[in-house]
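Welcome! Here is a friendly walk through one protein model, with a few stops along the way.

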Amino acid sequence: MSLCGGSGPAAAPRLRPRAAQMARRPELLCGAAIVLGCAFLVALKVTCSRAKDVTMPAKLPVNFFSTRSPVIDLFRGQLDYADHLRQDSEIVLYFFYAPWCGQSIAAREEIEHVASRLSDQVLFVAVNCWWNQGKCRKQKHFFYFPVIHLYHRSFGPIEYKGPMSAVYIEKFVRRVMTPLLYISSRSKLLDFLSNYEPGVLGYFEFNASPQPPGYLTFFTSALHSLKKDYLGTIRFGVITDKHVAEEISLVHSGSVYLHRRVNTSLIYPNDIMNYTAENICKWALENRETLIRWLRPHGGKSLLLNNELKKGPALLIFIPYNPLAEIHPLLDEITKVALEYHNCNKSQAAEPDLRHLGDTDSPAFDSSVPDAHMKLPETFSITKYPCCNTVVLPQWHSISRTHNVCELCINQTLGVKPNKVHVPHCNFLEIEAALDSFYLQEHTFFQVISNTIECSNFLSFYSPFSYYTACCRTVNRHFLSFISSEKTIFQTPKVAFSSHGKKDNTQHSIPHIEDRNCFIPNLHISGINITGLSCRTNKTLNLYLLDSNLFWIYAERLGASRSTHRKEFAAIVDLKEEVHYVLDQNQSLVGSALENFIKNFSILYSPLKRHLVDDPSVHFHEQRVITEVTTNTFHDTVFLSEKNVLLLYYAQWCGFCASLNHVFIQLARLLPPDNFTVARIDTTRNDLPWEFMTDHLPTILFFPHQRKEQSVKFPEDFSVNLPNLLKFILHHSSLSSSEPCTKECLHKETVLQQGHISHLEREIQKLRSEISALHQAHDQLEAQLSEARREEHRLQQQKHTLEKKHKNLQLHSEQLQATYDQKNQELLEMAEKLQELADASENLLKENTLLRVLVASREGKLQSKDEIKESLQSEQTLSEDSDVSVSTATATLEEKRIDNIDTVETEHNSGNRTE
């Protein structure tokens, strides 16, 4: 058979000339091969393109916001249309979201709430930045959702990175709407400078022009500040009155003033830096004074808390905060404490005295008041408030248990009283020079034991105008218990000057920091003693605020009560020392409580106790074999108990710890409960004193009865099993104390050991009986197993027999199935034949009926013929002569007609038979 439907002999003659032609011209063969290859590639490409079409396309996005929402929802990612909308609005908020993102879904309600309040002033646009066919997905490459961008006319984007809460978002939007506060009176200036946030003020004269030179630059710098610092910690204001500007030494229009409450306030150096928005913002951010900072963790993986806590000890204050509220009494009180704590110079220049501004709101000033810059310098002695540093000298002898603690202070004989702009600082180089001079004379300050504070004054080696004061005292290593008494803390010690120093009046000496209130006038423990404390101790605190409405979970982890309704909490966290202290929650979080909390932490021997986190989820059951220990029950269970205690340190994530549970359960059942307690503690949920903490899990400690201070650790090179644990417990519970034991003690120890031995003997007897019972059970099991094996063998034989029978039955079933199929086929054929016979019988019945009808018709015809003949005969007699010819013709025609009818009926019947 040939291809393409042609016959072989006919196609062969047509192919032979073409093959001969290709043999003579090989290029034709190459061309044909190229054409075939191209055709193959085209076919492959078409096939692949069709295969791609098989992939199901992504579903069209739907509305993320409701149609009645004030937010314009561009759910198809129409970024070009969003840019078109921005051209007609002054303030625009873009909410970039992904429909599947849980945080986007949670923030949707917050955005709608803000939009319902500010939709008449701000245009809110939501853009789906996840749909792959949208322009937002193609042009923007966000790594997280949702993202909020704000535009102030052509300036932007300003990204908001704060909490996704409606009040915080609305506060930030309002800051973008009005980045500048306009100050036209003294009272407004006082309110602006009294705020805890850093402030930048610009003075511009609006009389000559609605937009003075430099105003737009200053306005843009405020927006740059919001762009770089989403918390908005720097407030920008504009002074429109010349007399108000003179209060902060601003004379020329376009001057910029950075207000600082502790350090010197600054004026923007136009002669050094260009007057641009970026430079003003950078200058303000670099020189701002942050007394207290807000921490706003975003809730995911972040190093924010770690980076801040690594800077040093931190005071974390949790307060409920509403950003939209106009007044915050608790925040103002905390700010006042922070200001006093950081006010190291204790001069009025460090804290601008603007109280006289609140007395009158008139723009006019008294002309008799001289300019601030025209005041003459006033000399004064600042030995009353020097810069000091605490120094702890080493032990004077290896046997001694005392230390010499000295307070080293820098004193100036003469100085210049600072004005509002220039304030002297505690220079670090001067402190370093004082320490160098002090350590050169270190041996002169050693004391063995003394109840007095001895002070010495010596000149500086670097400056003839400065001298140092060193006040030293000796303290015992157990001074902590001594200082815990309030009477001892605040009692006035005796002060004397040593013979090797220059004697001076005691009111100019600087004793140790705990006793400073006894020597500096007007310095009380509950008053202004906290003033400048950050510079008078080497335990300076960084102050942080957290909104308890958002971050109360952190407070609970630090030890805050979960059942309290007042979400106010304060804790000091020292990451370096791995400790934290908690302010008593029974006290109200007020300024005095915070001051005492800070002072107790700052003193050399702090009376604060390390807070130990306890697991409140542990429920105690008396029927437990192993006692669960927590932080609160550790002392009672371990030390106050009159039993030997075996304590297991474990954690939920420790897999090897879990594998030891059955060993300790068996051990607890073996040991007599009257003399031994087997306990465990979860170290991840419970803190213990440092001497009882461990860095290795699992760890096993044994606390013997009456010798709890001689706790013993289970050796790590021993395997943790029941025999080793029993040997370890028996060995260390029978050791005698290091102190000599009396006869009564020996008798008690002997009785105790005999009781242990008798108990162990009873337990051994029980174990032996259990072992014999186990042996009997083992024999019974062996017999049952052998019987079961025999039964299994018999069942296997029966199984093989049944399998053979099953195979035979299966073959028989297949044969029967074949026979059934054959008979069924035959029955089908017989049914078809019967159907044919039935059809033929029906046809015969029809033919029989037709024949009967035909016979009846023939009989009727014969009768009609007889009648006609009779009529003809009668008529013939009447008219034989005249009608002979007519009757003959009529009869002939009638016979022919009848013959024709008969012929047609006969042919019809024969046709039916043929069918």
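Please keep in mind that the model is a predicted one.

Our first stop is Asn644, a residue of strand β22, which covers residues 644-650. Leaving out residues up to four places away in sequence, Asn644 touches Asn675, Phe676, Thr677, Phe702, Phe703, Pro704, His705 and Ser733.

Is Asn644 buried or exposed? Its relative accessibility is 5%, and buried means under 20%, so Asn644 counts as buried.

Next comes helix α20, made of residues 661-670, where Asn661 is found. Asn661 is partly exposed, with a relative accessible area of 28%. Between Asn661 and Ile626 there are 9.3 Å from C-alpha to C-alpha, although the two are 35 residues apart in sequence.

Two packed helices are described by the angle between their axes and the distance between the axes. How do α20 and its partner look in these terms? Helix α20 packs with helix α21 (residues 722-733) at an angle of about 45°, and their axes are 10 Å apart. That angle makes α20 oblique to α21. The crossing of the two helices is right-handed. On the α20 side, Val663, Phe664, Gln666, Leu667 and Leu670 take part, and they meet Leu722, Leu725, Leu726 and Ile729 of α21.

In soluble globular proteins, nonpolar side chains tend to be buried together. Here, the largest nonpolar core holds 77 residues, and those touching the most other members are Leu93, Phe95, Ile111, Phe124, Leu150, Leu315 and Leu594. Helix α6 (residues 166-177) gives this core its largest share, seven residues. There is also a second, separate core of 21 residues, with Leu648, Cys657, Phe676 and Val678 among them.

Which residues does Phe95 touch? Not counting residues up to four places away in sequence, its contacts include Phe64, Phe65, Ile111, Val125, Val127 and Ile148.

## A buried loop residue

Our last stop is Ser534, in the loop between β17 (494-497) and β18 (542-547). At 8% relative accessibility, Ser534 counts as buried. Beyond its neighbours within four places in sequence, Ser534 is in contact with Tyr341, His342, Cys344 and Thr540.

Notes
Residues are numbered from 1 along each chain as its sequence is written. This is a predicted model: local features need pLDDT of at least 70, side-chain atom pairs count only at pLDDT 80 or more; totals for chains, interfaces and linings use all residues. Side-chain values use heavy atoms; hydrogens and water are left out. Helices (H or I, at least four residues) and strands (E, at least two) are DSSP runs, numbered from the N terminus. Buried means under 20% relative accessible area, exposed over 50%, partly exposed in between (1.4 Å probe, protein chains only). Contact means heavy atoms within 4.5 Å. A nonpolar core is a set of buried Ala, Val, Leu, Ile, Met, Phe, Trp, Tyr and Cys residues joined through side-chain atoms within 4.5 Å. Axes are lines fitted to C-alpha atoms, for helices over the stretch in contact, and angles run from 0 to 180 degrees between N-to-C directions. Angles under 35 degrees count as roughly parallel, over 145 as roughly antiparallel, 65 to 115 as roughly perpendicular and the rest as oblique. A crossing is left-handed if the near helix is turned anticlockwise from the far one by less than a right angle, and right-handed if clockwise.
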